[in-house]
Amino acid sequence: MQNNLKITFVGGGNMAAALIGGLADKLTAANNIHVIDINADALQKLQRQFGVTTSEQIDASVAASDVIVLAVKPQQMKAAVAQLLPYIKAQLVLSIAAGIRAIDLSRWLGGHNAIVRTMPNTPALIGKGVTGMVASNGVSKEQHAAADAIMRAVGETVWLDDEKLIDSVTAVSGSGPAYVFYFIEAMQQAAQEMGLTVEQGNTLAISTFVGAAQLAAQSTDPIAVLRERVTSKGGTTYAALTSMDDNRVKQSIITAMKAAAARGQALGEEFGQD
Ligand SMILES: NC(=O)C1=CN([C@@H]2O[C@H](COP(=O)(O)OP(=O)(O)OC[C@H]3O[C@@H](n4cnc5c(N)ncnc54)[C@H](O)[C@@H]3O)[C@@H](O)[C@H]2O)C=CC1
Ligand SMILES: O=C(O)[C@@H]1CCC=N1
């Protein structure tokens with residue numbers, strides 16, 4: 001079902017492309033989506049692939065849009081937002097950047113406080129994303145619904161009450177696809193070291209991930225029970241999991257995820273300064 005939301009993306013890189021893929025001619029007509037990026041090649045690709053309109057600099061389309069999606073890197077955010085200032089009225093500003101806090105965006109936008117901070121992830125590209133979101137106090141009911149509809153167009157949404165938790169979401173699901181790919185890569189390498197072909201290893205590793213994830217999503221049993229059902233006493237899985245425990249793999253994953261959350265906070269401090 002399409003609405004007529006006019007959406008301007010500031011930044012047309014990887015994550016913007018994933019979101020636009022879910023929105024264009026689905027939530028809203030492709031020609032209601034405008035993308036501004038300093039990289040002409042990125043714009044050409046988006047124009048060709050999705051039929052969106054584009055420009056290389058901030059223009060009047062910003063003033064005419066209902067929603068402005070901030071999709072540049074945290075390091076690029078302050079400079080990008082500064083150019084928006086003359087065009088900001090009542091639009092919803094939706095940021096997907098790691099770390100950058102709503103209070104800093106608001107200050108750079110002259111006190112504008114209709115801001116939704118979000119943390120999507122790349123499975124959005126195939127409509128299987130999940131996005132953590134938090135609204136600042138100037139967001140109207142309609143804008144809240146619009147933000148939810150935008151992110152739902154590419155997957156699930158999880159709303160938070162406390163903005164601080166966005167760094168935790170970043171560590172879990174924002175960066176999360178990379179942990180999964182890392183684990184799959186390790187399984188593929190092990191498969192090859194144990195004599196399977198590249199193709200056989202890829203099929204076995206990826207299908208195992210997809211199957212186990214779907215089983216986990218559909219099951220009412222705790223994940224630990226699902227794990228125990230694979231683990232016969234004195235069997236092969238027990239040998240593998242004992243090796244992982246001996247190598248503190250679980251603790252390493254938890255430590256790594258806390259490092260991601262800490263980096264999110266540090267990005268906010270580093271690039272949210274005046
Ligand atoms: N890649 C991911 O998995 C995720 C990324 N994010 C967030 O999304 C944001 C974008 O990340 P990516 O798409 O991966 O980066 P990217 O580097 O692919 O895209 C950023 C784009 O912004 C453009 N840009 C830079 N300065 C600009 C300016 N002043 N005006 C207009 N465009 C400008 C660049 O040319 C580039 O095309 C980041 O803030 C990141 O934290 C959030 C969730 C997941
Ligand atoms: O690595 C990053 O900083 C971004 C945020 C979450 C995923 N990618």
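Start by selecting Leu 94 and its bridge partner in β6, Val 116. This is a predicted model, in which local features need pLDDT of at least 70, side-chain atom pairs count only at pLDDT 80 or more, and totals for chains, interfaces and linings use all residues. Residues are numbered from 1 along each chain as its sequence is written, while chains are lettered from A and ligands numbered from 1 in the order in which they are written.

Next, select residues 92-95 and 115-119, which are strands β5 and β6; they pair in the parallel sense over three bridges. Pairing here requires that DSSP finds at least two bridges between two strands. Strands are DSSP runs of E with at least two residues, helices are runs of H or I with at least four, and both are numbered from the N terminus.

Now show the whole sheet. Eight strands form an open sheet with mixed pairing, in the order β3-β2-β1-β4-β5-β6-β7-β8. Colour 53-55 (β3) and 155-159 (β8): these are the edges, and each has a single partner strand, so one side of each is left without a neighbour in the sheet. On average, neighbouring strands of this sheet are turned by 25° against each other, direction ignored.

Helix α6 lies across β4 (67-70), β5, β6, β7 (129-135) and β8, and runs at about 40° to β5. Such angles run from 0 to 180 degrees between N-to-C directions, with axes fitted as lines to C-alpha atoms, for helices over the stretch in contact. Contact means that the C-beta atoms of two residues, placed from the backbone, lie within 7 Å.

Zoom out and colour by domain. The domain assignment, automatic or from a database, gives domain 1 (7-166) and domain 2 (176-265). Their centres, taken over C-alpha atoms, are separated by 33 Å. Five residues of domain 1 are in contact with four residues of domain 2. The side of domain 1 that touches domain 2 has two nonpolar, three polar and no charged residues. In these classes, Ala, Val, Leu, Ile, Met, Phe, Trp, Tyr, Cys and Pro are nonpolar, Asp, Glu, Lys and Arg are charged, and the others, Gly among them, are polar.
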